[in-house]
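Here are my notes on this model, point by point. Please read them with the structure open.

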Amino acid sequence: MRVDKAGLPRADVPGAFDAGAMAYDRLVGANPRYHANLALSARRMALPGRGRGLRLLDAGCGTGASTAALLAVAPEAEIVAVDASRGMLDAAHAKSWPSSVRFVHTRVEDLNEHGITGPFDAILSAYLLRNVADPDRQLRVFRDLLRPGGTLAVHEYSVRDSVAATLVWHAVCWGIIIPAGWWGTRDTTLYRHLWRSVLTFDGAAAFRSRIRDAGFTAVRIDTVPGWERNVVHLFLGEAPR
């Protein structure tokens, strides 16, 4: 697959994740902050009462790391987890989950066609919106899927506002991620896409404005600790009441 300056064509992204699925957990597990920072973002959603009575959407669940983060803070919630990559979902399915967690193979743009409708009390979207063709439309869809006052949490890379974060991103990609991807899969397509797509994605301020323009209120940004500080951000917003 050809990776251009903005990464892969969006229609090719699920196939790249299919190719990388078998090695994905091993590779991200080498990042000591990957799971910890997802868990931190899930806690920052401040879901009440162990999730009792809540209905949650994990949009772009991959192999289930974000699903596990949601489950840890809301073990009594109903969780619907979706992903466009069959390979990634197969890896997620291979793990042990309670009956309250349901996985669905679908592009996030096609939720309605698969019977996934609102209202949801909260949506977690980790490393997804950078990979959709029309993030503005997708944010509006998320807004409409949430109950009034429901929480949107977007856990995403964004480096364009920081020269230091951009330099860190180049160094980590070419020093660790891309070589490790090659050794794990003998294919660097997915990891070169990751590098490029992060560089061309919105800066944090611009993405916060994008979320506001989609109709969300009380939009705020947090970053995460460790080497991903100012590289990975959590964007939180509320659906209008």
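1. Start with a salt bridge. Arg 52 pairs with Glu 76, and their closest N and O atoms are 2.9 Å apart. Arg 52 sits in the loop between α2 (34-44) and β1 (55-59), and Glu 76 in the loop between α3 (65-73) and β2, so the contact ties together parts that are 24 residues apart in sequence. Keep in mind that this is a predicted model.

2. How exposed are the two partners? Arg 52 has 57% relative accessibility and counts as exposed. Glu 76 is partly exposed, at 34% relative accessible area.

3. A second salt bridge joins Glu 156 and Arg 130, with the closest N and O atoms 2.9 Å apart. This pair links distant parts of the chain. Glu 156 belongs to strand β5 (residues 146-157), and Arg 130 to the loop between β4 (120-126) and α5 (135-145). The two residues are 26 residues apart. Are they buried or exposed? Glu 156 is buried, with a relative accessible area of 1%. Arg 130 is buried as well, at 5% relative accessibility.

4. Arg 52 and Glu 76 also belong to a network. Salt bridges with shared partners join them to Arg 50. Across the whole structure, the search finds 13 salt bridges. As background, side chains of opposite charge can pair when their charged atoms come close.

5. Now look at helix α4. Arg 86 and Asp 90 form a salt bridge there, at 3.8 Å from N to O. They lie four residues apart, about one turn of the helix. Arg 86 is partly exposed, with a relative accessible area of 38%. Asp 90 is partly exposed too, at 42%.

6. Other residues of α4 (residues 86-93) are buried: Gly 87, Met 88, Leu 89 and Ala 92. What do the buried residues of α4 pack against? Their partners are α1 (13-29), β2 (78-83) and β3 (101-105).

7. Next, the sheet. Seven strands form an open sheet in the order β3-β2-β1-β4-β5-β7-β6, and the pairing is mixed. β3 and β6 (217-223) are the edge strands, each pairing on one side only. From one strand to the next, the twist averages 15 degrees.

8. At the β6 end, β6 pairs with strand β7 (residues 232-238) in the antiparallel sense, over five bridges.

9. Which residues touch the most other members of the largest nonpolar core? They are Tyr 157 and Trp 169, in a core of 35 residues. At least two residues each come from α1, α2, α3, α6 (163-185) and α7 (189-200). α1 gives the largest share, with eight residues.

10. Trp 169 deserves a look of its own. Leaving aside neighbours within four places in sequence, Trp 169 contacts Tyr 157, Val 159, Ile 177, Leu 194, Trp 195, Val 198, Leu 199, Trp 227 and Val 231. There is also a second, separate core of 28 residues, including Phe 120, Leu 139, Phe 201 and Phe 207. In soluble globular proteins, nonpolar side chains tend to be buried together.

How values were computed. Residues numbered from 1 in each chain as written. Predicted model: local features only at pLDDT ≥ 70, side-chain atom pairs only at ≥ 80, totals over all residues. Heavy atoms only, no water. Buried < 20%, exposed > 50% of the residue type's maximum accessible area, 1.4 Å probe, protein only. Contact = heavy atoms within 4.5 Å. Pairing = 2+ DSSP bridges. Axes fitted to C-alpha atoms, helices over the stretch in contact; angles between N-to-C directions. Salt bridge = Lys/Arg side-chain N within 4 Å of Asp/Glu carboxyl O. Core = buried A, V, L, I, M, F, W, Y, C linked by side-chain atoms within 4.5 Å.
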